[in-house]
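Welcome, and thanks for taking a look at this chain. Please have the sequence and the 3D view open side by side as you read the briefing below.

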Amino acid sequence: MKLFNTTIIIIAITLLLVPACDDSATPTPVTLVLEHTGEPYSETFMDGLSGRTSLEGGMLFDFKDTVTTGFQMRGTLIPLSIAFVSEESIIVDIVDMEPLSNEIYTSSEPYRYAIEVNQGYFEETKIAVSDRIEFQEETQSGFVTITFPR
């Protein structure tokens, strides 16, 4: 009888703990405010984050067409991560970029948009290749909000 009672208690505890360990809960969408660089290849577009010592949110580059253009960090003082995003708003590649580097950082796939954020942001928020982004209404001039719906 003692063995039976112990078995029942173990089963009851197991049934109580299993729902607490469930990782299937829907993740919360991530929202990010991005500074828009303006028209492709304009001065603001080409300067990007050069010379800045900090970044709040991120920066959006919209090439208006699918490209394979690389990025450089020659005049950029802060480490960044860049997500390359397809015409269909899917992240096709994420690359970490080092400050003041002459290296040319490229995407493994063609893309339309590039999103620069503080290095590690995508990893910390569990945003990854193949995630979708959604563009929201422009909230203030020169800024756009995006959501990673999960």
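A residue is called buried when its relative accessible area is under 20%, exposed when over 50%, and partly exposed in between, with a 1.4 Å probe and protein chains only. With that cut-off, 35% of the 150 residues in the chain are buried. You are looking at a predicted model, where local features need pLDDT of at least 70 and side-chain atom pairs count only at pLDDT 80 or more, while totals for chains, interfaces and linings use all residues. Residues are numbered from 1 along each chain as its sequence is written, and side-chain values use heavy atoms, leaving out hydrogens and water.

**Overall layout**

- The chain holds 3 helices and 7 strands; these are DSSP runs numbered from the N terminus, with helices (H or I) of at least four residues and strands (E) of at least two.
- Along the sequence, the order of elements reads α-β-α-β-β-β-β-α-β-β.
- Taking contact to mean heavy atoms within 4.5 Å, 65% of the contacts between residues at least 6 apart in sequence join residues at least 24 apart.

**Salt bridges**

- Side chains of opposite charge can pair when their charged atoms come close.
- A salt bridge here is a side-chain nitrogen of Lys or Arg within 4 Å of a carboxyl oxygen of Asp or Glu, and the count by this rule is 4.
- One of them joins the side chains of arginine 52 and glutamate 35, at 2.8 Å from N to O. This pair links distant parts of the chain, 17 residues apart: arginine 52 sits in the loop between H2 and S2, and glutamate 35 in strand S1 (residues 30-36).
- Arginine 52 has a relative accessible area of 28%, so it is partly exposed.

**A linked network of charges**

- Salt bridges connect Asp62, Lys64, Glu87 and Arg112 in a network.
- Within it, the side chains of lysine 64 and aspartate 62 meet at 3.7 Å, N to O. Lysine 64 is partly exposed because its relative accessibility is 42%, whereas aspartate 62 is buried at 7%.
- The side chains of arginine 112 and glutamate 87 also form a salt bridge, at 2.9 Å from N to O. Arginine 112 belongs to strand S5 (residues 111-118) and glutamate 87 to the loop between strand S3 (80-85) and strand S4 (91-97), so the pair ties together parts 25 residues apart in sequence.
- Arginine 112 counts as buried because its relative accessibility is 14%, while glutamate 87, at 37%, counts as partly exposed.

**Threonine 53**

- Threonine 53 is found in the loop between helix H2 (43-47) and strand S2 (58-67), and its 65% relative accessibility is why it counts as exposed.
- Beyond its neighbours within four places in sequence, threonine 53 contacts Leu77 and Ile78. From threonine 53 to leucine 77 the C-alpha to C-alpha distance is 5.8 Å, although 24 residues separate them in sequence.

**A negative surface patch**

- Asp96, Glu98, Glu103, Glu123 and Glu124 gather in a surface patch of negative charge. Such patches are made of residues with over 30% relative accessible area and no salt bridge, with like charges joined within 9 Å and nonpolar side chains (Val, Leu, Ile, Met, Phe, Trp, Tyr) within 5 Å.
- Glutamate 123 lies in helix H3 (residues 121-124) and is exposed because its relative accessibility is 67%.

Terms used. Areas by Shrake-Rupley, 256 points an atom, 1.4 Å probe, with all protein chains shown as cover. Lys, Arg positive; Asp, Glu negative; His and termini not counted. Charge placed at Lys NZ, Arg CZ, Asp CG, Glu CD.
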